[in-house]
Amino acid sequence: MHELGIVFYIIRDVKQVAEENHVSHVSRVVMHIGEVSTVIPEYLTDCWRWAADKEDLLRGCQLQVVPIPAVSYCGDCQQEFETVRHGKTCPFCQSGNTWLLRGNEVEIQEIEVTNTLNNTT
Amino acid sequence: MDEVKIIEIKKSVFADNEKDAEALRQELKDKRVYLLNLMSSPGSGKTTTLIRTINLLKDRLRIAVMEADIDSDVDAVKIKEATGIQSIQLHTGGMCHLDAEMTRQGLDNLDMTGTDLVILENVGNLVCPAEFDTGAVRNAMILSVPEGDDKPLKYPLMFSVCDLVLVNKIDVLPYFDFDLEKCRAHVLQRNPAAQVIPICAKTGEGVEAFADWLVAQVQAWQEQ
């Protein structure tokens, strides 16, 4: 359910970038969502549809989710492994001295804008 | 025809909240107020634990409580009636968590003159509140025995952001397959620096240790 809160954060950031670049409409927002970020892409896009359509700037704007697989690293045997499959324990040497390399992202990568306010003047 | 343009952003959506939270922590530091963010699942005994602890501490520290819930003010009323301290209710408007901005708005409604410690009782939930830095000095959480000792494995983020884990309802340990040592190992796997204190809010067992932890935390924060 925190997807709605995250959608509000995305809207705030996108609005700010749009203002700085004199953009009048955003047609696509591309997000990187990590596999273990606790954000569920389907919930995120549902919340997005509901909230984005209330804004002139974002009406009809598509939220594109690029999933990022979670990968952990073992500090003892220095190998990488799939986090979701093996958790905190290294599958090669059974060490618990492991940490997440990637897969925790909730990032706005880029936005696609269809026209800028400069063009109309 | 409209020109299609791509603007690169590459920014975490939590970046602004983290900035707000850092600013709030600095302000609290200047005011010599310690803010604790207390999290847990619903029904773990947050409010009962707080009442016990506050009654132990209210002669030593000036304490205020902010209760965050989706709706109702039962917790804030209960705290005020049982302890007599300042307690306010925040409504999250349907949201499952508080962020730094909502926390600041709540603090604005508290009289903080002479206050040493503010405890934020976050929305009961083991997932969402862990994602958002509230601006608190420390995060603590309560895991109650009936929930099971495997929770640190299932909710890794929550346990990795908490400096203190209170294991509550230890009076019912004989009736559950809850292994305290296993639980401690699971917590430390997520956060090697975490402290685990077993308590029973109902009987008061172990609550003294939590109270001492709080006093030491507040003193260190005010002296730094």
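Biologist: What is the strand order in the open sheet of seven strands in chain B?
Modeller: This is a predicted model, and in it the order of that sheet in chain B is S4-S3-S5-S2-S6-S7-S8, with parallel pairing.

Biologist: And which strands stand at the edges?
Modeller: Strand S4, residues 86–91, and strand S8, residues 195–198, of chain B stand there, and each has a single partner strand, so one side of each is left without a neighbour in the sheet. Neighbouring strands of this sheet are turned against each other by 20° on average, with direction ignored.

Biologist: Over how many bridges do S3 and S5 of chain B pair?
Modeller: Strand S3, residues 63–69, and strand S5, residues 117–121, pair in the parallel sense over five bridges. If you want a spot to look at, Ala64(B) stands opposite Val118(B) in S5(B).

Biologist: Which strands does helix H7(B) lie across?
Modeller: H7(B) lies across strand S6 (138–144), strand S7 (164–168) and S8 of chain B, and the helix runs at about 155° to S8(B). Within H7(B), which covers residues 180–190, Glu181(B) and Arg184(B) sit three residues apart, about one turn of the helix, and their side chains meet in a salt bridge with an N to O distance of 3.5 Å. Arg184(B) counts as partly exposed, at 26% relative accessibility.

Biologist: OK, and which residue forms a salt bridge with Lys11(B)?
Modeller: That is Asp13(A), and the closest N and O atoms of the two are 3.1 Å apart. This pair also crosses between chains, from strand S1 (residues 5–12) of chain B, where Lys11(B) lies, to helix H1 of chain A, where Asp13(A) lies. Lys11(B) is partly exposed at 23%, while Asp13(A) counts as buried at 2% relative accessibility. Taken together, Arg12(A), Asp13(A), Lys11(B) and Asp16(B) are linked in a network of salt bridges.

Biologist: At what angle do the axes of H1(A) and H1(B) cross?
Modeller: They cross at roughly 100° and come within 9 Å. Angles of 65 to 115 degrees count as roughly perpendicular, and H1(A) and H1(B) are therefore roughly perpendicular to each other. The contact is made by Tyr9(A), Arg12(A), Asp13(A) and Gln16(A) on the H1(A) side, and by Asp16(B), Asn17(B) and Asp20(B) on the H1(B) side.

Biologist: Switching to the sheet in chain A, what order do its three strands have?
Modeller: The three strands form an open sheet in the order S4-S3-S5, and the pairing is antiparallel. Strand S4 (80–82) and S5 of chain A stand at the edges, each with a single partner strand, so one side of each is left without a neighbour in the sheet. Here neighbouring strands are turned by 40° against each other on average, direction ignored. Strand S3, residues 71–74, pairs with S5(A) in the antiparallel sense over four bridges, and Val71(A) stands opposite Arg102(A) in S5(A).

Biologist: What about Thr98(A), which strand is that in?
Modeller: Thr98(A) is found in strand S5 of chain A, residues 98–102, and counts as buried at 6% relative accessibility. The side chain of Thr98(A) reaches the backbone oxygen of Lys88(A) at 2.5 Å. Leaving aside neighbours within four places in sequence, Thr98(A) is in contact with Tyr73(A), Cys74(A), Phe81(A), Lys88(A) and Cys90(A).

Biologist: Last one, where does Gly135(B) lie?
Modeller: Gly135(B) lies in the loop between S5 and S6 of chain B, and is buried, with a relative accessible area of 0%. Again leaving aside neighbours within four places in sequence, the contacts of Gly135(B) are with Ala21(B), Leu24(B), Arg25(B), Leu28(B) and Leu35(B).

Note on methods. Residues numbered from 1 in each chain as written. Chains lettered and ligands numbered in written order. Predicted model: local features only at pLDDT ≥ 70, side-chain atom pairs only at ≥ 80, totals over all residues. Heavy atoms only, no water. Salt bridge = Lys/Arg side-chain N within 4 Å of Asp/Glu carboxyl O. Helix = DSSP H or I, 4+ residues; strand = E, 2+ residues; numbered from the N terminus. Buried < 20%, exposed > 50% of the residue type's maximum accessible area, 1.4 Å probe, protein only. Pairing = 2+ DSSP bridges. Axes fitted to C-alpha atoms, helices over the stretch in contact; angles between N-to-C directions. Contact = heavy atoms within 4.5 Å. Polar contact = N/O pair within 3.5 Å; in protein donor to acceptor, adjacent residues only side chain to side chain. Parallel < 35°, antiparallel > 145°, perpendicular 65-115°, else oblique.
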